[in-house]
Amino acid sequence: LQLGGVSTVTNFLEDEHRALSVKALTLITDLLVEQRAVEDPKRISSPNGLLLLEMLRSNNWCRRTPKLLNPADTDRSEKVIDAMDAMIQECGSEFDAMDVRERIEK
């Protein structure tokens with residue numbers, strides 16, 4: 001994160017085979033969970049003090065993540081939903097605007 005890793009990981013979301021996108025999503029979800037668990041969340045932040053969730057939002061993860069939902073692939077969809085759950089505080093309004101519930105229920 002301190003070296004701009006979010007931008008690099010964001011590029012994996014565009015992986016045409018989607019294998020890397022799921023791994024990137026899992027990594028970010030784990031980091032979000034860890035950030036919440038530590039007493040001082042600033043320990044897991046960028047040099048300018050942005051928390052991971054803020055960096056994700058600035059890299060359009062709130063819009064990119066729901067697009068990875070695929071009802072035909074339950075394992076992948078489960079990981080996407082886990083990631084969205086970890087980002088709901090920061091991205092909830094964007095998820096609502098994208099009719100994410102409708103995509104999940106398909």
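**Close-up views of charged side chains**

**View 1. Arg76, a buried residue without a salt bridge.** Arg76 is buried (under 20% relative accessible area, with a 1.4 Å probe and protein chains only) but makes no salt bridge. The nearest side chain of opposite charge (Lys and Arg count as positive, Asp and Glu as negative; His and chain ends are not counted) is Asp73, 4.8 Å away. A salt bridge needs a side-chain nitrogen of Lys or Arg within 4 Å of a carboxyl oxygen of Asp or Glu. Look for Arg76 in helix H5 (residues 74-97); helices are DSSP runs of H or I, at least four residues, numbered from the N terminus. Leaving aside residues up to four places away in sequence, Arg76 touches Arg18, Val22, Leu68, Leu69 and Asn70 (heavy atoms within 4.5 Å).

This is a predicted model, where local features need pLDDT of at least 70 and side-chain atom pairs pLDDT 80 or more, while totals for chains, interfaces and linings use all residues. Residues are numbered from 1 along each chain as its sequence is written, and side-chain values use heavy atoms, without hydrogens and water.

**View 2. Glu94 and its partner Arg57.** Here Glu94 forms a salt bridge with Arg57, with the closest N and O atoms 2.8 Å apart. Glu94 sits in helix H5 and Arg57 in helix H3 (residues 52-58), so the pair ties together parts 37 residues apart in sequence. Glu94 is buried at 14% relative accessibility.

Methods. Helix = DSSP H or I, 4+ residues; strand = E, 2+ residues; numbered from the N terminus. Buried < 20%, exposed > 50% of the residue type's maximum accessible area, 1.4 Å probe, protein only.
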